[in-house]
Amino acid sequence: MTRECSVLLPRVCAALAGPRQPRYDDTCLEKLLDWFRSLTALDPSVELVQDNPCLMEFIASVLALPKPSPSILSFTLRLAGILAASESRFQHLQQEKLLVRLFGRDGPLSSAVWEDASVRSGWVNGVHSMMQHQPALHFLCEGGGIDVIFTLQGDPSLFVASAASQLLVHMLTLSVESETTKPLTTKDCDWPACAQMIVKHIEDALQSSSASHIEQSLKLLTSLFGSCHAPWTEVLWLRIAKQIESFLMEETTQVQYMLANLLLKMSRSPVFDTEGSFWALVTSALEHLTPVQAGPLAVRILRLYKCPQDVRIRALTVLLQPMDCILRAASQPLEYAGLLDESVSDPITIESLLSSRSSCASLLCQTLAHLKELLSLVDLPVDLPSTPLLRSLMTILQFCNGFLSPASPLGNTVSRILINSFRVQRSALDVLAALSEQKGCDTLIGSVFDVLLAYLESPNTSPTVLKTTFQATSKWLVRLQEVSCSNSQWQQAEKILEDVFLVLQKRLCSPCWEVRDSSLEFLTVLIKCLTDQDEFRQSLLSSEVPRLTENLLEDPESYVRASAVTAVGHLAFITYFAPESPVVENQSNKENTIAKLQEILSTDPEGFPRRAVISIFIEWVRQGCTGQLEDTEQFVSRVIQTVEHDLDWEVRLGGLELVDIFCHHAFCHFGLPKCPYAPVSSAVTSSIHQNEVLQILCRANLFSFLFRSLCDCDQPVGQRACDLLLNLRINFYPTFTPRDSQEIEDSPVGHNIAWLQRTLRQGSLAKNFPTDGGNGVDFQDPESMMIALGTIDLEELRDELNKSSDHVEKSPQSLLQDILATVGTMEENEADCY
């Protein structure tokens, strides 16, 4: 233990044991416990308590109080547990008779303060920390503490009850793994004493008539099988499997909803990979649990590649049953093939749920969420019937907007329930989007766009549903282009694109800003995905969409302006920067667009549009769209001079990203390595090119921006600037060795560079870069900047900038200051804070 800590410990203990205990707050005490944990981790020996008797004195003084503060007593219990985690310190605390007074029958258990949940929580957490060795296990079991934990499983405080359950799992694992010498069997005599007590408690609770006791044991087992994958867990399972199975058969049991989670945890354990009886129970659960209960289990089972094929088919059937029912309800007799040949559970159960207003939407949303999760997998473990599933989705969406009038009684009921159900619409559209990547759906692509366009055109489509519709439409438009390329169905693609852009024109003029915003986002996605397609570019440019998009740069809503900036920026790749664009005709419009974006960057009162502009400028420079190197130099210089004074740190950070990309281009232009930034050879030609690059960077005012950013008030900006300067130094000084400061200071510009180094060292802490201009540093002078890169200790600055903001607050001195502050006065002990 450090000398600093040995000096502080007595002061901390004295402050905690003082008369003003009730005024301590939990944050301060929690921070102090973290400090003690770090101390005990560094020094696990008994000398920690022997050399610091103040710890024992503190615990004894708290126990001697007639009415201790619940927060301090809870803290003391947890502290004692942390100390007792070491076996040697445990024995020392035992000799001092402190553990029995804290965790035994004569401790807080028998006092009125036990009624406070924080004390019970402190007791459980203290025992959990202590439970790292056999002596602690025997101490608790022999002293009756385990019965207390059994009781706390049903504590009215959910935090205490959960902690008690976790503690029992920990104790059972510790007992079995530290006290058994041969493989366990189902016989009690083969189990260690403590493990016997816990297992018997679990079995008794499962066989009781108390639903709460059964729930407690199921929670414990769920936690155990989820965290422990040792072979002995299979032996425990064999002891309780029959009882668990009986819960599935009893339709009236109140704990069926917990069984799915228990079986799911077990299915992830390698212990049950080949356990036939376990998978039989899973199959039984899929059949006997309600569709709502079985759904989560089914989708998780389908994600397991080790699952037997027959179980996987059952699980998929559970998920598809509601969709099959919807498809069959759409028409009588069934026009198309359904999704399933047979059902897992009684179809009447599904029909009943879909016929109820209270359960219909919930069941469908859950089913659709599970299907979306399944479709998100890179490799589907099962073959989905994509075509009928797609028909079912379109049926749901048509039910929701009232465009389908089914003939069956069930269909009529479901359509009335689902009309304008936003939740179901969004869920179905999400799955529809995911299905665009599945094979076998191409024959229905025209029908899919009929449904999507109906939603895009309908005035009843809510803004949130419209946004989801746009997302699904973009996915299917990509699919449409792939299909058109493969089978030459250009006319269908052109007609659909025309219809989409006609709708988009209307939506860009919507009085609702959310609609305008999502329309612009949709346009941007389309440009990113389809810009290489001639049909798409022609349809876009022949519509009013580009003009309307530029108009929205002046929208009153900042979110819309930001989205318009992004859309205009990507439109430029088609209208101004594409090789086939008519240069003469578009040059004026191009300059106007750039001027508009620069004006937004310098004058827009909101941060979102300015962030969007800097992001677009970054993309333009990355793609080489801003002209020759000289033009890009002037462009970047203008941008960073604007960005340097921006109040939004993300905009300033974007400016640094722009600088990084420009540096890459500058080095590449002269054939120098660019990968951030690889050292170059010492050849004469490389040296000449280096000087040319250095002059370009100086002319563009990049060094001024970078050095000032080192002192930015926002840490990420300073860190990024430091990284860029280090990369530049590597390029200009391939074999860098620090230059002598005194030698540099004696040179003509050395005095100014020395001032800069001192200022940066202070500024990175004070977050302030002097602007008086009296220092004489010329950031546009190549010689000065070379000296600066070779002299300034950038590594030291980086280390300073990388320190987390709480490295001071977590120091022992700060902890003591917090403690004394919570006492309410610092007059008599204020010197201790230092």
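## Glu657 and its salt-bridge partner

Glu657 is partly exposed, with a relative accessible area of 25%. In this predicted model, its side chain meets that of Arg622 in a salt bridge, at 3.8 Å from N to O. Arg622 lies in helix H32 and Glu657 in helix H34 (residues 649–669), so the pair ties together parts that are 35 residues apart in sequence. Arg622 is also partly exposed, at 39% relative accessible area.

Glu795 forms a salt bridge with Arg729. The closest N and O atoms are 2.2 Å apart. This pair links distant parts of the chain, 66 residues apart. Glu795 sits in helix H41 (residues 794–802), and Arg729 in helix H37 (residues 715–732).

Across the whole structure, a search finds 32 salt bridges.

## A pair within helix H26

Lys495 and Asp499 both belong to helix H26 (residues 490–508). They are four residues apart, about one turn of the helix. A salt bridge joins them, with the closest N and O atoms 2.8 Å apart. Side chains of opposite charge can pair when their charged atoms come close.

Lys495 has 47% relative accessibility and counts as partly exposed. Asp499 has a relative accessible area of 18%; the cut-off for buried is under 20%, so Asp499 is buried.

## Helix H33

Helix H33 covers residues 629–643, 15 residues in total. At 1.5 Å a residue, H33 should span 21 Å. Its end C-alpha atoms are 20 Å apart, which agrees.

Which residues of H33 are buried? They are Leu629, Thr632, Glu633, Phe635, Val636, Ser637, Val639, Ile640 and Val643.

## Cys441 in a loop

Cys441 is placed in the loop between helix H23 (422–435) and helix H24 (445–457).

Leaving aside residues up to four places away in sequence, Cys441 touches Ser386, Leu390, Leu435 and Trp476. Cys441 and Pro385 are 56 residues apart in sequence. In space, their C-alpha atoms are 9.8 Å apart.

Ser71 lies in helix H5 (residues 70–83). Its relative accessibility is 17%, so Ser71 counts as buried. The side chains of Ser71 and Ser69 are joined by a polar contact of 2.9 Å.

Elsewhere, Trp513, Tyr559 and Phe608 form a nonpolar patch on the surface. Together they have about 270 Å² of accessible area. Phe608 belongs to helix H32 (residues 607–622), and is partly exposed at 34% relative accessible area.

## The chain as a whole

The secondary structure of the protein chain comes to 42 helices and zero strands. The chain has 834 residues, of which 54% count as buried. Its accessible surface is about 37,300 Å². Carbon and sulfur atoms hold 50% of that surface.

How much of the contact set with a separation of 6 or more comes from residues 24 or more positions apart? Such residues account for 71% of those contacts.

Methods:
Residues numbered from 1 in each chain as written. Predicted model: local features only at pLDDT ≥ 70, side-chain atom pairs only at ≥ 80, totals over all residues. Heavy atoms only, no water. Helix = DSSP H or I, 4+ residues; strand = E, 2+ residues; numbered from the N terminus. Expected span 1.5 Å × (residues − 1). Buried < 20%, exposed > 50% of the residue type's maximum accessible area, 1.4 Å probe, protein only. Contact = heavy atoms within 4.5 Å. Areas by Shrake-Rupley, 256 points an atom, 1.4 Å probe, with all protein chains shown as cover. Polar contact = N/O pair within 3.5 Å; in protein donor to acceptor, adjacent residues only side chain to side chain. Patch = residues over 30% accessible without salt bridge, like charges linked within 9 Å, V, L, I, M, F, W, Y side chains within 5 Å. Salt bridge = Lys/Arg side-chain N within 4 Å of Asp/Glu carboxyl O.
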